[in-house]
Amino acid sequence: MFPLRWPLILTAALFTAGGWAARRGRNAETPEAPEAPAAEPEPTPVPAPSPEEVHQGPLFPDGLPMTELTLPDGLANPTSQGCAACHGDIQHHWQGSAHAQGWAGDAYQLAVRDASEPTTCQGCHLPLLAQHPLQVVHHSDGDPSSPQHAANSGWSPSLQREGVTCASCHLREGTILGPRGSTAAPHPTAASAELSSPALCAACHQLSWPDSELAWYDTYGEWYRSPYREAGVSCQDCHMPQQAGTVSTGRFAAHASHAMAVDAHRAVSVLAHIASPEISRGEPFDFALRIQNTGSGHAFPTGQPGKAYLVRAVVVDAEGEELHEPLEHRLERTVSPEPPYALVADERIPARGELMLEHQATISQKKPAGPSSLQVTIVAEQGGAVLVERSFPVSVI
C-alpha cells in the first residue's frame with residue numbers, strides 16, 4: 001500500500017478478505033487545531049444533561065405526550081390547517097419536513113411494526129395526547145415495556161396524521177408561542193425564548209431506555225459534547241435557518257425555516273487519494289477515502305442504534321459497469337441486545353471527526369480500457385436513499 005501522511009482524527013478497525021482495511025485511531029471530537037489534530041491532547045469529555053433533565057424540557061414540563069390542548073380564542077382548530085391561513089409559507093415548508101411525516105412516514109410505520117414497544121416511540125412521533133387512539137393508563141409492575149391502554153375519547157385522526165404538528169411546539173395553555181409576541185394576531189400570543197433553545201430539541205432527540213448504560217438517542221448529547229455548542233451554534237442554526245418570506249398575513253420578514261433541513265452533502269466531505277490517474281488492468285492498485293464530518297454538529301449518522309449508512313466505492317467504466325470488487329463500509333453504532341445495552345462498536349463519524357478507508361483491487365484484463373471514474377456513494381441502508389455521491393475521474397489502460 002502507498003504511504004499515507006494524512007493526520008487521522010478517527011479511523012475504523014475492519015478487515016475483509018477483499019484485501020482492504022479501515023483502521024481506527026483516536027477519537028478526537030473537539031480538536032482545536034484541525035490541521036494537526038494528532039498533536040492535540042485528548043479533550044476531557046463533557047457529560048450531557050441526563051435524560052431526566054432534557055426529556056421534560058422547558059416546553060414539555062410534564063413529559064410526552066402532552067395532555068393539555070386548550071384552543072386559543074380566534075383559532076378555529078389546533079391542526080396545521082388552522083394555521084395555514086396566516087402562516088401559509090411556514091405551513092407549506094413544514095408539510096415537506098420529517099416532522100410532518102413523524103407518524104405517517106413509511107420509515108416510521110415500518111419501524112413501529114418491527115418494534116416490540118411502540119408506546120415510547122409514539123410519545124415523540126405523536127406528541128399530543130389527542131393524536132393517540134389509545135392512551136396509556138398505567139404500566140404493569142411499573143415496567144415501561146408493558147403499558148396498559150384504554151380508548152382515548154379525545155382522539156383526533158386529523159391531528160394524528162400531522163405527526164409533530166404546529167401545536168406540539170407553539171400551543172400552550174390557550175396561547176400561541178413564537179419567537180416574539182404580537183399584538184396584531186387574531187389570537188393570544190407570547191414570546192418564548194425556549195423555541196430557539198437546543199433544549200427544545202432534546203425533549204425528543206435525547207432518550208435512554210430503563211437500565212441502559214448509554215443514551216439510546218444521543219443526538220443532543222453528541223451536539224452538547226461537540227465544538228458546535230462551544231461556538232454557540234445551536235440545532236436551530238442548521239436545521240431551522242433564517243429565510244425571507246411571508247411570516248404571517250401582510251408581514252414579509254426573515255423567519256426560521258420549518259422544513260427541518262437535512263442535507264448529507266453538506267454534512268460530510270469525501271476526499272479521494274489514488275496513486276495514479278492511470279490504472280493498469282491486471283495489476284493491483286490502491287486508493288483511499290478520507291471522509292470528514294465537516295458540517296454536522298452530531299455524529300454521522302445520528303439516531304438510534306442500528307441506523308446505518310453504507311459507504312461504497314468502486315471504479316466504473318463510461319457505461320457505469322463496475323470493474324472490480326467494491327470497497328464497502330458501514331457507519332453504524334451497535335449495542336448489545338440485552339440490558340444494560342452496552343456499546344459494542346461505534347463506526348460513525350463524530351462532529352469534526354474523520355474516517356480513513358483503504359482499498360486494494362485489480363481490474364481484470366478482460367475489462368475494457370478507457371475513461372472511467374471512481375464512484376463513491378453513501379447510502380441509507382433503511383430505504384436505500386443515496387445521501388452522498390462523488391465521482392473522481394481515472395483512466396483504465
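**Close-up views of a predicted model**

**View 1. Asp 286 stands opposite Gln 360 in strand S19.** The model shown here and in the other views is predicted. S19 spans residues 354–362 and is mostly covered. Of its nine residues, seven are buried.

**View 2. Strands S5, S6 and S7 form an open sheet.** The order is S5-S6-S7, and the pairing is mixed. S5 (171–172) and S7 (189–191) stand at the edges. Each has a single partner strand, so one side of each lacks a neighbour in the sheet. S6, residues 175–178, runs parallel to S7, and three bridges join them. Within this pairing, Ile 176 stands opposite Thr 189 in S7.

**View 3. Tyr 220, Trp 223 and Tyr 224 form one aromatic cluster.** The ring centres of Trp 223 and Tyr 224 lie 6.4 Å apart. Their planes meet at 65°, over the 60-degree cut-off, so the pair is edge-to-face. Trp 223 has 10% relative accessibility and counts as buried. Tyr 224, at 19%, also counts as buried, because the limit is under 20%. The count for the model comes to six aromatic pairs.

**View 4. Charged ends of two arginines sit over aromatic rings.** Arg 229 places its charged end over the ring of Tyr 224, 4.2 Å from the centre. Arg 172 lies over the face of Phe 60. Here the distance to the ring centre is 5.2 Å.

Conventions
Residues numbered from 1 in each chain as written. Predicted model: local features only at pLDDT ≥ 70, side-chain atom pairs only at ≥ 80, totals over all residues. Heavy atoms only, no water. Buried < 20%, exposed > 50% of the residue type's maximum accessible area, 1.4 Å probe, protein only. Helix = DSSP H or I, 4+ residues; strand = E, 2+ residues; numbered from the N terminus. Pairing = 2+ DSSP bridges. Phe/Tyr/Trp six-rings, centres within 6.5 Å; stacked < 30°, edge-to-face > 60°. Lys NZ or Arg CZ within 6 Å of the ring centre and 35° of its normal.
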